[in-house]
Protein chains: 2
Amino acid sequence: MHELRKDPLLCRWVAVTSESKSPGEYCLPEERSEGTACVLCPGRERETPPEIAAIREGGRWWTRVIPNFRPVLHVEGDLGRRGLGMYDRMNSVGANEIIIDSPEHDKQPEDIGIEQVRRIVRLYRDRVADLEKDSRLRYILIFKNSGKGAGAIYSHPHSEVMATPVIPKLIKEELDGAKQYYAYKERCIFCDIMREESRNGERVVFETRDFFSFSPFAPKFPFETWILPKSHSCAFQQTGESEMEDLSLMFCTVLKKMRAILGDSPYNYFFHTAPNRIPRRDHWHTLGDDFHWHIEIVPRLLMTSGFEQGSDFYVLTTSPEDAAKYLREA
Amino acid sequence: MHELRKDPLLCRWVAVTSESKSPGEYCLPEERSEGTACVLCPGRERETPPEIAAIREGGRWWTRVIPNFRPVLHVEGDLGRRGLGMYDRMNSVGANEIIIDSPEHDKQPEDIGIEQVRRIVRLYRDRVADLEKDSRLRYILIFKNSGKGAGAIYSHPHSEVMATPVIPKLIKEELDGAKQYYAYKERCIFCDIMREESRNGERVVFETRDFFSFSPFAPKFPFETWILPKSHSCAFQQTGESEMEDLSLMFCTVLKKMRAILGDSPYNYFFHTAPNRIPRRDHWHTLGDDFHWHIEIVPRLLMTSGFEQGSDFYVLTTSPEDAAKYLREA
């Protein structure tokens with residue numbers, strides 16, 4: 001089991017295990033059985049925790065959602081918010097699911113084709129829409145770890161869902177930043193960024209009818225790429241069918257472009273949507289105007305150093321303009 | 001050359017190069033000549049940029065400070081703050097120095113002994129005191145990268161100094177968090193944390209006459225350890241001789257304890273001191289009361305995943321209580 005704790009200085013929540021690893025356990029080289037022995041591959045469905053959702057077509061499954069084998073957050077129980085001396089803590093209530101992105105061990109969804117990407121993004125949307133009904137949960141994060149250098153623990157293509165009973169620090173910062181901008185300008189900062197990028201053009205990666213992708217002006221990492229819906233919308237889970245179709249085209253294209261120039265380099269992506277609405281309907285109207293859901297795709301090409309760790313100041317060894325150029329031409 | 005850019009959403013500054021690496025350059029395995037060919041070793045002093053400072057005793061140098069071979073920030077020029085459409089940027093003014101921590105390629109300062117640690121922390125203090133005289137600079141960060149997994153580009157023991165013309169985001173967050181607590185309690189949050197930890201005892205690592213070290217209640221990474229001066233002080237560079245002596249004992253002991261349990265695992269440390277006082281003397285009185293300088297030592301035992309990257313929410317696989325117990329007993 002884990003408990004959630006709040007850093008009193010930075011107000012960042014973390015999950016702390018009650019079953020600590022010893023120092024020696026970190027130093028062992030990690031060995032996992034792969035290939036035919038992969039537990040996420042077809043044929044081993046009975047060895048996974050009970051399936052939560054799946055898409056089956058033509059007598060086979062294309063994607064499955066299962067609980068994490070070793071979840072950090074648990075669906076049962078109450079929040080148990082309580083103090084401990086000067087500190088704050090709560091129970092590790094939430095959800096922690098694995099989405100198997102592909103029935104084939106060696107193929108990412110974009111390798112299978114746009115239909116598979118469509119299945120995956122629909123499943124993402126459905127998981128967020130389902131989990132946000134739970135009034136104990138404040139945030140639902142969809143993310144992917146591809147490659148060991150990006151924190152992946154399986155080599156089989158997969159993404160994850162984490163539903164937390166608090167709004168994670170980075171999300172809160174994005175919400176606060178967007179809210180401040182809105183208070184000053186009475187415009188959505190993301191809509192303004194898209195207009196600025198569209199006018200300038202240098203950092204644009206690709207455009208579809210409904211979506212826009214670009215290299216941000218001041219990203220954390222080289223080749224970081226964002227995807228935004230062109231029409232203002234704060235919640236990914238509200239995306240309609242026609243836009244989902246277009247999103248599949250955008251997402252599939254950008255992932256293929258990344259692969260074309262960066263090969264199998266590790267990467268993460270995550271969906272930043274607004275916090276859950278249902279428990280907080282009263283705050284909803286402002287939130288809807290000032291936040292804009294988006295996808296951030298972040299290649300993990302370099303190790304961060306003590307400078308980045310100690311300052312949150314990043315050094316970009318490839319400019320966003322050059323990164324966008326490579327991606328546009330890929 | 002680099003330029004500094006501000007993320008309009010999160011207000012985080014980054015440095016962007018004008019000489020971009022191509023995608024292929026990230027995928028090459030990095031090979032550096034080491035051992036006798038190391039440019040930081042004695043005998044190759046003429047091949048480094050001109051020495052800024054050094055400590056020489058008994059006919060040899062024990063530590064040298066040199067400019068970074070490929071600096072991100074440059075001492076010359078004005079700040080050049082300017083807009084670009086809706087964005088903000090400025091020149092990459094600052095300093096970027098390498099401190100050679102040891103004359104011996106295979107020995108860390110703590111292996112050589114407490115005298116060497118004393119030389120190093122004194123040199124750190126002198127570099128901060130020297131650089132803070134430059135009124136263009138807002139912050140001076142001392143940090144160390146040990147091991148490739150912690151971003152080190154040399155295997156020779158070294159640390160670095162980065163002086164920036166802006167206050168980096170993480171420092172600003174610590175200052176803001178401490179200020180909010182002070183406004184509410186009229187007490188320094190770090191002094192309160194030390195009292196709480198001292199009373200509880202579970203997370204204490206080691207104590208000397210003037211310094212206190214512990215595993216924070218809600219850290220980012222397993223085995224993260226902080227060192228604080230027991231007497232309230234916001235600025236490391238104001239530490240007197242007698243306390244510096246005691247700091248050497250504390251720092252040397254904690255680094256040796258870390259090594260004893262984690263071996264040669266990569267780690268970073270960084271000194272968080274108050275921003276430069278000289279250009280901003282008017283704000284000084286409050287700042288001095290609510291901030292408390294400290295050292296954070298962060299082993300890099302695991303890769304962060306898309307969850308951490310996308311949320312700034314961390315999962316601790318060893319509890320701070322168990323980490324402190326291992327370190328106390330080492």
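Two strands pair if DSSP finds at least two bridges between them. Helices (H or I, at least four residues) and strands (E, at least two) are DSSP runs, numbered from the N terminus. The model is predicted, with local features needing pLDDT of at least 70 and side-chain atom pairs counting only at pLDDT 80 or more, while totals for chains, interfaces and linings use all residues. Residues are numbered from 1 along each chain as its sequence is written, and chains are lettered from A and ligands numbered from 1 in the order in which they are written.

**A sheet with strands of chains A and B**

- β15(A) and β2 (residues 13-17) of chain B pair in the parallel sense over 3 bridges, and L316(A) stands opposite V16(B) in β2(B).
- An open sheet of 5 strands has the order β15(A)-β2(B)-β1(B)-β6(B)-β5(B), with mixed pairing.
- At the edges stand β15 (314-316) of chain A and β5 (82-84) of chain B; each has a single partner strand, so one side of each is left without a neighbour in the sheet.

**Strand β8 of chain B**

- In β8 (residues 139-146) of chain B, 8 of the 8 residues are buried (20 or more other C-beta atoms within 10 Å of the residue's own, with C-beta atoms placed from the backbone), so the strand is largely enclosed by the rest of the structure.
- Both faces of β8(B) are covered by this criterion: Y139(B), L141(B), F143(B) and N145(B) are buried on one side, and I140(B), I142(B), K144(B) and S146(B) on the other.

**Partners of β8(B)**

- β9 (residues 158-164) of chain B runs antiparallel to β8(B) and is joined to it by 6 bridges; the bridge partner of I140(B) in β9(B) is A163(B).
- β13 (residues 267-272) of chain B pairs with β8(B) in the antiparallel sense over 5 bridges, and Y269(B) in β13(B) stands opposite K144(B).

Technical notes: A residue is buried if 20 or more other C-beta atoms lie within 10 Å of its own, exposed if 12 or fewer, and partly exposed in between; C-beta atoms are placed from the backbone.
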